[in-house]
Amino acid sequence: MKNETFRCGYVALVGRPNVGKSTLMNHLLGQKLSITSRKPQTTRHRIIGIKTTEHAQIVYVDTPGIHQQAKKAMNRFMNRAASSAIDDVHVVVFVVEALKWTDEDEMVLSALKDISVPVILAVNKVDRLKQKEELLPFLQMLHEKLNFSEVVPISAKGGTNLPQLESEIIHHLDVSEAYYPEDQLTDRSSRFLAAEIVREKLMRNLGQELPYATTVEIEKFEELERLNRIHALIWVERDNQKSIVIGEKGERLKKVGQQARLDMQKLFDKKVHLELWVKVKAGWSDDERALSSLGYRDDH
């Protein structure tokens with residue numbers, strides 16, 4: 001028998017880099033799926049996270065931050081991935097940072113002005129505010145910019161108001177059967193998720209610039225009954241970057257590997273044997289063909 005009240009639909013999480021979209025999706029899902037770091041532009045791909053409850057299935061689409069400086073092929077790819085995510089969804093959640101409005105926020109807003117679906121404004125990081133009354137004029141300023149269907153102050157990290165945000169999202173979804181099996185978490189492969197986990201640990205363990213010159217390719221992914229054997233290649237653009245990633249006596253690479261393995265064991269729910277190598281591919285981040293061969297394709 002068909003459930004006449006069950007709702008289902010796609011929800012795009014959009015915003016400038018580093019406003020907390022990936023943290024928000026992970027907390028809404030109750031499981032870590034999207035990688036996070038304090039560095040902007042950590043998310044490079046569009047990633048789907050599926051949450052199924054008794055009453056609804058919400059298909060969250062986490063997107064790269066839309067940014068102005070799209071000089072390299074990699075940056076152009078990320079902007080395309082973010083913009084195309086807005087096209088086929090039922091609801092958009094526009095994530096901004098409390099009391100902070102930038103030209104890049106304005107750029108995202110302009111991309112939302114002509115869309116026909118409801119836009120919910122999620123004002124993140126409200127837990128950091130010293131004076132809560134400062135929020136009201138900020139919200140009024142945003143209200144004048146676009147007729148948002150709802151405005152929800154949240155803390156993605158602390159979980160503040162996330163149930164309220166989720167109920168507002170469900171309210172706008174279609175009455176429909178589920179699109180995905182109820183135990184499915186994402187449409188991405190285990191290989192893809194393993195590569196992303198390694199990349200997150202690189203983002204967190206390297207200095208400011210270097211993470212943007214690295215990407216990860218899974219060369220071997222062998223699933224055994226009690227163990228996953230994973231061989232990953234870390235690509236950098238120059239020889240000196242290779243030695244930085246490896247670190248003195250291999251210490252940095254070892255640390256990245258240990259942290260990644262622990263996260264993979266949580267995600268895959270079994271032991272993981274992980275081996276990492278570092279190789280140089282000059283200029284990969286500004287080479288359309290190299291990007292495509294490394295999995296940066298518009299068809300996903």
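Predicted model: local features only at pLDDT ≥ 70, side-chain atom pairs only at ≥ 80, totals over all residues.
**Entry 1: the sheet**

I started with an open sheet of three strands, in the order E8-E9-E10 and with mixed pairing. Its edge strands are E8 (215-223) and E10, each of which pairs on one side only.

**Entry 2: strand by strand**

E8 and E9 (residues 227-236) run antiparallel and are joined by eight bridges. E9 and E10, on the other hand, pair in the parallel sense, over 10 bridges.

I then picked out a few facing residues. Val-216 stands opposite Ile-234 in E9. Glu-223 has Asn-228 of E9 as its bridge partner. On the E10 side, I found that Leu-227 has Lys-271 as its bridge partner.

How do I get from E8 to E9? Through a hairpin of three residues.

Is E9 mostly covered or open? I checked, and eight of its 10 residues are buried.

Helix H6 lies across E8, E9 and E10, and runs at about 135° to E8. Helix H8 also packs on the sheet, where it touches E8, E9 and E10. I noted that the direction of H8 makes about 140° with that of E10.

**Entry 3: H6 against H8**

A reminder first: two packed helices are described by the angle between their axes and the distance between the axes. I looked up both values for this pair. H6 (residues 190-205) and H8 (residues 251-268) pack at about 140°, and their axes are 9 Å apart. That angle makes H6 oblique to H8, because only angles over 145 degrees count as roughly antiparallel. The crossing of H6 past H8 is right-handed.

Which residues make the contact? From H6 I listed several, including Leu-193, Ala-194, Ile-197, Val-198 and Lys-201. From H8 the list includes Lys-255, Val-256, Gln-259, Ala-260 and Met-264. I sorted the residues of this contact by type and got 10 nonpolar, three polar and five charged.

Asn-18 has one, at about 70°. Asn-18 sits in the loop between strand E1 (7-14) and helix H1 (21-29). Is it buried or exposed? Asn-18 is partly exposed, at a relative accessible area of 32%.

Asp-269 also isn't a glycine, and its phi is positive at about 60°. I placed Asp-269 in the loop between H8 and strand E10 (271-280). Its relative accessibility is 69%, so Asp-269 counts as exposed.

**Entry 4: a look at Glu-168**

Last stop for today. Glu-168 belongs to helix H5 (residues 162-171). What does Glu-168 touch, leaving aside its neighbours within four places in sequence? I found Ile-120, Glu-150 and Val-152. I also checked a C-alpha distance: Glu-168 and Ser-149 are 19 residues apart along the chain, and their C-alpha atoms are separated by 9.1 Å.

Key. Residues numbered from 1 in each chain as written. Heavy atoms only, no water. Axes fitted to C-alpha atoms, helices over the stretch in contact; angles between N-to-C directions. Helix = DSSP H or I, 4+ residues; strand = E, 2+ residues; numbered from the N terminus. Parallel < 35°, antiparallel > 145°, perpendicular 65-115°, else oblique. Left-handed = near helix turned anticlockwise from the far one by under 90°. Contact = heavy atoms within 4.5 Å. Nonpolar A, V, L, I, M, F, W, Y, C, P; charged D, E, K, R; others polar. Buried < 20%, exposed > 50% of the residue type's maximum accessible area, 1.4 Å probe, protein only. Pairing = 2+ DSSP bridges.
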